[in-house]
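Visitor: Hi! Could you walk me through this one?
Guide: Happy to, here it is.
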Amino acid sequence: MLHSKGAVPKYRKHSSGQARVTINGRDYYLGPWNSRTSKYAYDQVVIEYLASGRSPNFGLESQELTVAMMMLDYVNYARSYYGDGKSSELHRIKAALKPVKQLYANSSAADFGPQQFKAVRQAMIDNGLSRPGINHHMQRIVRMFKWAASEGKIPASVFETLRLIPGLKSGRTEAPDTEPVLPVEESVVEATLPMLTPVVRDMVRVQLLIGCRPGEICKLTPGCIDRSEDVWVATVTEHKTQWHGHSRLLFIGPQAQSILKPYLDRGEDDCLFRPVDAVEQRRAERAAKRKTPKSCGNRRGRKYDRGGLRGKKSKKSPGIEYTTDSYRRAIHNACDKAFPAPEGLTADEIKAWRSEHRWSPNRLRHTRGTVIRQQFGLEGAQVVLGHKNADVTQIYAERDIAKGIEIARKVG
């Protein structure tokens, strides 16, 4: 029998002499009490129940299953499959299912068809979502119906019909298209670096040199780096395409090595770049500049009220690893200092200014891909960026416009 947590529904005797088991308030009659046939039937029903993840909807006919019931089962499945971390697909699934719940929670899941599908999509358009975002959300909804069909909860024809509906096409819908993510100019990066803490500054410099993803630079540890050759090779265990079975290698040359060396004096599984180090550096700089004796005034590591030394400890301690969110926020804050908004702007104008003058760490990857493609071609960029297909690399490595102009000047 399958391993399970919690009590297993009991094998019991009914007054009629039949064996029975009760699951979710529904009785299953198994045959004559204490017979081999009834025990086999009991094992079969219980194993199926446990295999469903103890679903509260186990045993319902497809016409009895509502969309809300199916969504609950699917979210529980997605939580066990994807996990519930900050960057988990689970959160995107929940966002995609929100308009489905609002419109069709009490409807029969087996009756969900193209009309309902398009109504949900229109609700997303009305809410101002972008065309690519809507298409991704609708794909997640289709995957839910595919899962439900594979579990025998709804007829397979429901999924087969939904998968035939094409996505929104550019220029053929009210939904806006998103702007492409372009490389960030290295001069802009250089202007931002002085406003960053030394730790985040080194993260940016290393990411720009090796072309890795923001999540990969955040997770880099001494133990994942092979330093036996002149070019170090880091094997990333957690990366975007891990679930495809793809391996991810980062190639670290001499310039990046010189930046990383001071961060290698820690545990094999400790992150190289840590917020706690950035905070300690900032405190040390402030302590070096202070003129008040250490025995007087505010003490390091304390959050003070007007009473000075009677303050209390800070509620939030610095972490031992950066997340993609905290890494991005640190860069955005530095951009606000490096490119301050002009005086006299309204709140909305300041917001627009900051949006225009901020850059995110994923753009460093595009920048590196463009440089490598210019120097070593598409295949070189594909290897360094870790893409399985060259088509994906072309998205990251923007075409060299200057090269096109030069060719046209000569032969055009």
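Visitor: What should I know before we start?
Guide: This is a predicted model, where local features need pLDDT of at least 70, side-chain atom pairs count only at pLDDT 80 or more, and totals for chains, interfaces and linings use all residues. Residues are numbered from 1 along each chain as its sequence is written, and side-chain values use heavy atoms, leaving out hydrogens and water.

Visitor: How many aromatic pairs are there?
Guide: The count comes to 10 aromatic pairs. Rings of Phe, Tyr and Trp (its six-membered ring) pair if their centres lie within 6.5 Å; planes under 30 degrees apart are stacked, over 60 edge-to-face, and the rest tilted. Y11 and Y42 form an edge-to-face pair, 5.5 Å centre to centre with 80° between the planes.

Visitor: Where do Y11 and Y42 sit in the chain?
Guide: Y11 is in the segment before β1 (12-13), and Y42 is in helix α1 (residues 36-51), 31 residues apart. Helices (H or I, at least four residues) and strands (E, at least two) are DSSP runs, numbered from the N terminus.

Visitor: Is Y42 buried or exposed?
Guide: Y42 is buried, with a relative accessible area of 12%. Buried means under 20%, exposed over 50%, and partly exposed in between (1.4 Å probe, protein chains only).

Visitor: Now the sheet: what is the strand order?
Guide: The order is β4-β5-β6, an open sheet of three strands with antiparallel pairing. Two strands pair if DSSP finds at least two bridges between them. β4 (225-226) and β6 (248-252) are the edge strands, each pairing on one side only.

Visitor: Which residue stands opposite V233?
Guide: That is D226, with V233 lying in β5.
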